[in-house]
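Reader: I would like to go through the labels used for this model. Please set each one against its definition.

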Amino acid sequence: MKATAQNRVPNRSSRQLNELIGKTMHPVARKRGFASADLLAAWPELVGKQYHGKVQPGRLVWPRTKSADGEPVAEPATLLVHSDGPTALFFTHEAPQLRSRINAFLGWNAVGRIKVVQRPALKTKKTTPKPLRELSEIESRRIEQKVADVSDDRLKAALEKLGKNIVARTPANNS
């Protein structure tokens, strides 16, 4: 019987990253006013290349207002972001568009205001990937044979590149 998506037994060793660290990140995110770590994870895409690394989310401040009968009223929060002085000036002009993108990402009007706090953004460590090893002729031919039946040239090239990168990351004796 040929393995297909319907009858394949799922590999229990492969898991998504949010399954592994999600439970540990959520308490940290909640402490800073975020309901989950989703906004923090999507931050680079939301602010774009211009502000990535220069503007960081600090915390969400939720208003504690109550209605006349004492029930809490759900009002939009204030997002505190950290940025240096020159970047803060330019970012302030684009904050309404970012607020719209954040609310669209979250699916509701969660952020009513963005307040910029002039504080330098924390530097993140940039990791460089390990160099890939050279593939042997046998390994290269084996990958080319596996994707030979693919009719779409772009897909074939992408699968071949993916296969070569995967094999190049493994030690030579395991291939």
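Reader: Why does Ala157 count as partly exposed?
Author: Buried means under 20% relative accessible area, exposed over 50%, and partly exposed in between (1.4 Å probe, protein chains only). Ala157 has 46% relative accessibility, so it counts as partly exposed. Ala157 is found in helix α5 (residues 153-169). Its C-alpha atom is separated by 9.4 Å from that of Glu144, 13 residues apart along the chain. This is a predicted model: local features need pLDDT of at least 70, side-chain atom pairs count only at pLDDT 80 or more, and totals for chains, interfaces and linings use all residues. Residues are numbered from 1 along each chain as its sequence is written, and side-chain values use heavy atoms, with hydrogens and water left out.

Reader: Why does Leu106 count as partly exposed?
Author: Its relative accessibility is 31%, so Leu106 counts as partly exposed. Leu106 is found in helix α3 (residues 85-106).

Reader: What makes strand β1 largely enclosed by the rest of the structure?
Author: Five of the seven residues of β1 (residues 55-61) are buried, so the strand is largely enclosed.

Reader: How do you know that β1 and β2 pair?
Author: Two strands pair if DSSP finds at least two bridges between them. β1 and strand β2 (residues 77-83) have six bridges, in the antiparallel sense. Arg59 stands opposite Leu80 in β2.

Reader: Where is confidence lowest, and where is it highest?
Author: pLDDT is the predictor's confidence in each residue, from 0 to 100. The mean is lowest in helix α1 (residues 17-31), at 54, and highest in helix α4 (residues 137-146), at 93. Where pLDDT is low, the predicted coordinates should not be read in detail.

Methods
Helices (H or I, at least four residues) and strands (E, at least two) are DSSP runs, numbered from the N terminus.
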